[in-house]
Structures are given as C-alpha cells and as structure tokens.
Amino acid sequence: MVHEGMRAGDGDREKVAEQLKQALDQGRLDLSEYDERVQKAYSAKTYGDLEGLLADLPGTVPVEKAQVEPRRSAAAPESGDHRRPGRSPFPGILGVFLVCVVVWAMSSLGSGEWHYFWPGWVLIPVVFGLVAHFRDRGNRGH
C-alpha cells in the first residue's frame with residue numbers, strides 16, 4: 001500500500017497524466033480542466049498530491065466505492081435460435097423484392113413494353129435462405 005506522504009517519481013506522474021489524457025479523449029474532462037490537472041500532476045511531489053487528480057474519474061476509483069453499477073448481459077436464448085418468435089426469417093428481403101417488382105412494373109408500364117424481369121434475381125437469396133431454414137427445422141425435429 002502506497003503512503004500518501006511518499007514521494008512520487010516521474011513514472012508515477014506520467015501514469016496520472018496518461019489517465020487524464022484518456023479522460024479528455026473520452027469527454028470526461030474539458031480542455032481547461034485537463035490542462036490544470038496535468039500541470040498539478042507534473043508539479044506533484046507526493047502520492048497524496050497525485051491521488052486527488054483522479055478521484056472523480058471512472059476507472060480510478062476502487063470498485064467497491066464506485067457508484068456506477070456494472071451492466072448485466074441479458075440471458076442467452078436456450079435453444080440457440082436468436083430470432084424473435086413468430087417472425088418470418090426473411091421479411092426484409094421480401095420487402096426489397098416487392099419494391100423491386102413495383103419499380104419494374106412502373107418502368108415497364110411507362111415504356112409501353114414488358115422489360116426483362118430483373119427483380120427475380122432478388123429472390124435467389126430468399127430461396128437459399130428458405131431451403132436452409134427448413135433444413136434446420138428438420139434437423140431440430142420440428
């Protein structure tokens with residue numbers, strides 16, 4: 001345990017200055033407060049002088065004294081299926097397909113002739129996805 005009256009070395013002052021720089025980069029200190037604290041850090045003679053410069057910054061306070069609670073992660077789904085229940089596995093791509101069909105139809109009607117049906121290419125990933133989806137459901141015994 002470091003005694004507050006013990007003299008601090010250049011390495012200790014550098015460490016505090018680096019932590020202050022990180023706090024500035026994270027937006028926890030403004031530039032004038034950073035300058036003021038760095039000047040105090042480089043002029044500090046003891047560990048006690050250095051200690052007060054970091055006391056109000058996260059990561060420098062012992063965990064038991066911290067007021068911020070750690071974030072708890074949500075429980076993982078048991079089945080390993082990360083989709084929301086009751087939702088189609090492909091709503092986004094089908095919506096894109098429908099928009100493409102509307103664009104194709106409007107351009108064909110506007111020109112007076114039916115163009116090559118290029119929106120069909122959008123269905124290729126849907127077909128592969130459906131095959132994989134039903135293959136996986138069959139492997140799980142549904």
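R37 is buried (under 20% relative accessible area, with exposed over 50% and partly exposed in between, for a 1.4 Å probe and protein chains only), its relative accessible area being 10%. Salt bridges that share partners join R37 with E33 and D56 into one network.

This is a predicted model, in which local features need pLDDT of at least 70 and side-chain atom pairs count only at pLDDT 80 or more, while totals for chains, interfaces and linings use all residues. Residues are numbered from 1 along each chain as its sequence is written, and side-chain values use heavy atoms, with hydrogens and water left out.

**Count and rule**

- A salt bridge is taken as a side-chain nitrogen of Lys or Arg within 4 Å of a carboxyl oxygen of Asp or Glu, and by this rule the count comes to six.

**A link between distant parts of the chain**

- D56 and R37 meet through their side chains in a salt bridge, at 2.8 Å from N to O.
- This pair links distant parts of the chain, 19 residues apart, with D56 in the loop between α3 (47–54) and α4 (91–111) and R37 in helix α2 (residues 31–43); helices are DSSP runs of H or I with at least four residues, numbered from the N terminus.

**Pairs within helix α1**

- R13 forms a salt bridge with D10, their closest N and O atoms lying 2.9 Å apart; R13 is buried at 13% relative accessibility, whereas D10 is exposed at 58%.
- D25 and K21 form a salt bridge at 2.7 Å, N to O, and both lie in helix α1, four residues apart.

Conventions
Helices (H or I, at least four residues) and strands (E, at least two) are DSSP runs, numbered from the N terminus.
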